[in-house]
Amino acid sequence: MLQIQLQSAPENSYIIENHITDIDLPVYNDRDGAAISIQPQNTDHNNAVPRRPIPVSTVDWQTTNISQFIPLHGLDFLRGAEQLYIQQTIELTDLLAHLESESRYTVKVPHGETLYYAAEQSSSFQRLCFGTSRSFVMKLYDQTQQEALQFRRRSSCIFCYAQSLEVWLSPGDFVGVVKQQLKLSVPTFNIYNRDNDIVYRIEGPHTFACTSLGKDAHFKIFTADGMTQVGSVNHQWDQLQVAYNLCVQFPSRTTDTKHKALLLGAAFLLEYMYYQGSKLLRCRC
């Protein structure tokens, strides 16, 4: 009689580097791919897999009074937020490395809940040759460990063209873009929605050409006509963290979440252009 022995195949395992954050990284990445639980699909955004309806506990949250909610998309985490802190995560290996590593951040409510974990994707060539002017894709993961937002920036050389950063809502919906306005005295940025309408203007302190503004530079957020200040982006010293936090003040708690996402994207662009390398006196065009 023929006997057949069946042996179970070893399960796939994924090893994820630990980071100092309140949100765990998702158990998949672009290189290894996720565990296959459905038939392969086209990577085109029109055929992208929709978000999973995972409930999130919000018992101790400051931005809501409910104890639990199910986010339908990544923007839901911005509801009720009037102010956000952006904190860079730095590890010992980053300090000892000869080449600057991809930046990582946490986005949280001041002294409250963490909303997103941001991870930069860029090439070593870009980081080595272009520094803080490099192109990158910044992916923001929410409390459900799913991708919520993407910030896409292209590299820029001195006086070649204005800086810009696109904001995308996963799995591929265009939200708007932040564009630098080339001015010699005042750093100015316009924020456009998906219909190319200006929704906000951002102005920084007076400076000469494109020199560094320093760690305490303060940017003001104005309405589309530039007449009324409604928010701000600036660095604040955190005595508990012993580090600077990038603080984003939204117009109000009830501001459209897409507008909040655009302002958050603008804050990341300012972080790379002015704050990240503020200790070095160099051009930040």
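Q163 sits in the loop between strand 7 (147-153) and strand 8 (164-169), and its side chain makes a polar contact with the side chain of R153, at 3.1 Å. By a polar contact I mean a pair of N or O atoms within 3.5 Å, where within protein one must be able to donate a hydrogen and the other to accept it, and where residues adjacent in sequence count only if both atoms are side-chain atoms.

Residues are numbered from 1 along each chain as its sequence is written, and side-chain values use heavy atoms, with hydrogens and water left out.

The pLDDT is the predictor's confidence in each residue, from 0 to 100. For the protein chain it averages 78, and 71% of the residues score at least 70. Over residues 25-46, however, the pLDDT is below 50, and this stretch has 30 contacts in the model beyond near neighbours in sequence, a contact being heavy atoms within 4.5 Å. Residues 279-285 are also below 50 in pLDDT, and that stretch has 20 contacts beyond near neighbours in sequence. Where pLDDT is low, the predicted coordinates should not be read in detail.

Now the overall picture. The protein chain has 3 helices and 14 strands; helices (H or I, at least four residues) and strands (E, at least two) are DSSP runs, numbered from the N terminus. Of its 285 residues, 46% count as buried. Among contacts between residues at least 6 apart in sequence, 45% join residues at least 24 apart.

What does helix 3 look like in this model? Of its 19 residues, 17 are buried, so the helix is mostly covered. The 19 residues of helix 3 (residues 257-275) should span 27 Å at 1.5 Å a residue, and this agrees with its end C-alpha atoms, which are 25 Å apart; the expected span is 1.5 Å times one less than the number of residues. At the start of helix 3, a side-chain oxygen of D256 comes to within 2.8 Å of the backbone nitrogen of K258.

Let me turn to the strands. Strand 12 (residues 218-223) and strand 13 (residues 229-238) pair in the antiparallel sense over 5 bridges, and two strands are said to pair if DSSP finds at least two bridges between them. In that pairing F222 has Q229 of strand 13 as its bridge partner. The two strands form a hairpin with 5 residues between them, and G226 in the turn has a positive phi of about 75°. On to strand 14 (residues 243-249), which runs antiparallel to strand 13 and is joined to it by 7 bridges; here S232 has Q249 of strand 14 as its bridge partner.

Some loops deserve a careful look at their backbone. Most residues other than glycine have a negative phi, and most peptide bonds are trans. H111, although it is not a glycine, has a positive phi of about 55°; H111 lies in the loop between strand 4 (104-108) and strand 5 (114-121), and H111 is exposed because its relative accessible area is 65%. Q145, also a residue other than glycine, has a positive phi near 65°. Q145 lies in the loop between strand 6 (136-141) and strand 7, and at 26% relative accessibility Q145 counts as partly exposed. A cis peptide bond joins S170 and P171, with omega about 15°, and P171 is found in the loop between strand 8 and strand 9 (173-181).

I will finish with F130 and the cysteines. F130 is in helix 2 (residues 124-130), and at 30% relative accessibility F130 counts as partly exposed. F130 and S155 are 25 residues apart in sequence, yet their C-alpha atoms are 7.3 Å apart in space. Not counting residues up to four places away in sequence, F130 touches F125 and S155.

How many disulfides are there? The count is 0, taking a disulfide to be a pair of cysteine sulfur atoms within 2.5 Å. C129 counts as partly exposed at 48% relative accessibility, whereas C247 counts as buried at 1%.

Technical notes
Predicted model: local features only at pLDDT ≥ 70, side-chain atom pairs only at ≥ 80, totals over all residues. Buried < 20%, exposed > 50% of the residue type's maximum accessible area, 1.4 Å probe, protein only.
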